[in-house]
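Try each task before you read its solution.

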Amino acid sequence: MLSNFGITFLSITFLTSFLLIYLSFNELKTANNKIPKKIYNFSSLQLIFTILSFLTLLAGFVVSDFSMSNVFENSHSTKPLLYKISGTWGSHEGSLLLWINILVLFSFLFLFYSNNNNKKFQLYTIIFQNFLIGTFLIFLLFNSNPFSLLFPVPNEGLGLNPILQDPALAIHPPLLYIGFVGSSIYFSAALAALISKVETKLFARVIKPWVSLSWFFQTLGILVGSVWAYYELGWGGFWFWDPVENSSLMPWLLMTALFHSVLVLERRLGLYSWVIILSILTFTMSVVGTFLVRSGILNSVHTFANDPSRGLFILTFLILMVFSSIFIFFKYSTTEKNTFKFLSKEFFILINNWFMVFFLLVVLIGTMYPIFLDTLFGTKISVGPPYYNFVLAPFLIPLLFLMTSGPKFNWISSESKKIFDLVFFISLFIFLAILFIVKEKNLIVNLTLIFSIYLTIQSLNDFYKAFKNKSINLSRVISHFGFGLLIFFISINHILSIEKNFNLKVGDEKNLSKFLIKFENIESYKIDNYQTIIGDFQILNKKNLIKKNLKPEIRIYDQPKTMTYEASIDSNFFSDTYLTMSNVSDSELFNIKLQIKPFMNFIWLSVFILSLGGVLNIFKRIKKV
Amino acid sequence: MKKNKLIIIYAVLIFIFLILYLSLDNKKIYNTEDLVGKKMNEVDLLYFESEGTFNTREIFKNKFVLFNFWASWCAPCRKEHKNLIRLSKNKNLEIIGVNFKDSPQSAKKFLEELGNPFSILAKDPDGKQSINFGIYGIPETILIDKDSNIVKKYVGPLNLKDVNEIRSIVEK
């Protein structure tokens, strides 16, 4: 029953996107400068039906309707309600439906809220966006239909992968999708702007809020993903340079470059073609990421059950998309003259863009190189953190410095400014005080510390000034402040982290230089849909004699049969004590990993502050329009 | 000028997309389950003590071979070692040990303490060669028949049940 509804709703959505393309093309020929009401109506209709199709699938999960194969494969009647709901986007098919919902939502929002008095531009954007919607709907209906039926109807479902049963992960995909699927709207707008030869300043003004919006959600999505990896995967880290993480970072870097460039374009200072390229590239990289994750080329926690036809479809779509947008770009783009004054604000933004492009290339090469090597020569390598840290870390230092100094300069003028001011010396002093405590010897780490402190203090100083002088861009100040803090706390965390690995039996004690760990007891329970083994550990800090009680877990899930290791984390604001335990088969021993991770909460907080700057940008826009 | 640029960009992209297309079929080597029933990859392994390498397909033709991946730092390896010693007494079977990401001294100490069940001892100090066997982590053990086909794959330490299973396969 639900399945029929779902398919009907999706078919209507498809029909409306076809109609929207048809009507918009017809409308382009007419002379009046007003978009007719029927286009607005069809767009609303499209949004209603796509949301209905999503709600239908959601209902299927909530009532455990196992006649739908997608519900059968990804849910179980005993699963808690939250995870039944999040199961809707926990599978390939369901998450693709979410994709389409976001494509449609942005098409609708753009039509209704981006009133830019340029009919041709607006209509072309809707046409391109609906091409995207239509293609993805074909993919969904013919290859990955979430509403396919199963007969005979099974009594029970197979269950959702237990490591995905986590509150952070329930909201991670929607956030990330709003981010990178949201970038589709400025992809469409960029192509539309080329064809309709829209005025450059108008284009910048129109896409700016959408870039900020997608950037904000992308940042939050990455943050939640990291938090999940830290708490759930039990490795004690928050960023692993996993190819899948890289797939979310690459669009983020492009979005960051994009909204800096938009600031330049907004003031008619050039970079028009560059902004167009970045807009196209952001969504392209998002689709590349989707291809890597969905095709099964990469192995990771995100890989859904594989089906080669999916990869082939996404690849075909990607090829068509890339080739046609390059063709449109070359056909319609005009050469422009960029006159950048040395040491002007736009000059620094241009340099920022080069940094982002460099980071993008490093991450892209690190992600793709193993795939190429494997395909061409059959050699298997994995590119891990050492490569990224080695190549990226030194470049963070000049980036931090430029982030601090660039904003001090004015638009257009080439007036030089004092760079090493009082704030710098205060920062240097704070650094020396910190160095005295942490005693770090690595030059790059120390330089990163100095310049991240400098950026943080400078931003604080600007924040103070912003209240006196309204001309200071508060969203920039907040984001730069968050970034400075982020790099600072990552460096400190890197310096002060401790990791110890050992085997213990129940009753044993382990004497480390700073800690005494006692394995007190072990208990086993049956909870809902899993069996748990909980270890009871006393950790004594020899220095301050504080005792901590930690209880890491091993969980054995029934549906599907999987083992997961739950870290026990004692978070006392400044530092996390992180304990994981894994069983050594057929023995009394347990493998114990103790990690001390300082300032984890501050790392999360910094990213949150970073993202807040983006929100401010969205609201500022709305007020002015 | 514009046309030339376009052609170059298209050419580069066609190459990239071609590779991605080819890579679609070229995957899952990490999925150990898929290896069972297939012929084993030819891999050159380093001898543990002496210089040089040997090829995994060339040695012990017409005999069952058991590849065991272990390290002295791996607690479950210690646990399964007595079972390897048991198996080493079987005349139809040769055991090749691959010492995985280990220091030579502690590996030697480990064998001195617990005994050496291996007919040949190889090493894979950076873990790169083991990837060809689809090794996720250690201990892992792979049983190869007389024609170099992978018969069985054991992830985790061998227990007595596994030992009996290996014996029955080898003696058939």
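**Exercise 1.** Find the helix that holds Ile7(A), and decide how exposed Ile7(A) is.

*Solution.* Bear in mind throughout that this is a predicted model. Begin with the secondary structure: Ile7(A) sits in helix H1 of chain A, which covers residues 2-29. Finally, look across the sequence: Ser53(A) is 46 residues away from Ile7(A) along the chain, yet their C-alpha atoms are 7.5 Å apart in space.

**Exercise 2.** Work out how helices H16(A) and H17(A) are oriented to each other, and describe their contact.

*Solution.* First locate the two helices: H16 of chain A spans residues 443-468 and H17 of chain A spans residues 474-496. Their axes come within 8 Å and cross at roughly 150°. Angles over 145 degrees count as roughly antiparallel, and therefore H16(A) and H17(A) are roughly antiparallel to each other. The crossing is left-handed.

Now list who meets whom. H16(A) contributes residues including Leu449(A), Ile453(A), Leu460(A) and Phe463(A), while the residues from H17(A) include Val477(A), Phe481(A), Leu485(A) and Phe488(A). Sorted by class, this contact of H16(A) with H17(A) has 14 nonpolar, eight polar and one charged residues.

**Exercise 3.** Repeat the analysis for helices H10(A) and H13(A).

*Solution.* H10 of chain A runs over residues 243-266, and H13 of chain A over residues 345-377. The two axes come within 9 Å and cross at roughly 165°. By this angle, H10(A) is roughly antiparallel to H13(A). As for handedness, H10(A) passes H13(A) in a left-handed crossing.

On the H10(A) side, the residues in contact include Leu249(A), Met250(A), Leu253(A) and Val264(A). Among their partners in H13(A) are Ile349(A), Met356(A), Phe359(A) and Leu360(A). Taken by class, the contact of H10(A) with H13(A) divides into 15 nonpolar, eight polar and one charged residues.

**Exercise 4.** Apply the steps of the last exercise to chain B, and give the order of its elements.

*Solution.* Chain B has five helices and seven strands, arranged from the N terminus as α-α-β-β-β-α-β-α-β-β-β-α. The globule rule gives 16 Å for 172 residues, but the radius of gyration of chain B is 20 Å, well over that value, so chain B is more spread out than a compact globule. The C-alpha trace of chain B spans about 75 × 40 × 25 Å along its principal axes. Buried residues are 33% of the 172 in chain B. Among contacts in chain B with a separation of 6 or more, 73% link residues 24 or more positions apart.

Terms used: Residues numbered from 1 in each chain as written. Chains lettered and ligands numbered in written order. Predicted model: local features only at pLDDT ≥ 70, side-chain atom pairs only at ≥ 80, totals over all residues. Axes fitted to C-alpha atoms, helices over the stretch in contact; angles between N-to-C directions. Helix = DSSP H or I, 4+ residues; strand = E, 2+ residues; numbered from the N terminus. Parallel < 35°, antiparallel > 145°, perpendicular 65-115°, else oblique. Left-handed = near helix turned anticlockwise from the far one by under 90°. Contact = placed C-beta atoms within 7 Å. Nonpolar A, V, L, I, M, F, W, Y, C, P; charged D, E, K, R; others polar. Buried ≥ 20, exposed ≤ 12 C-beta atoms within 10 Å, placed from the backbone. Rg over C-alpha atoms; globule rule 2.2 N^0.38 Å.
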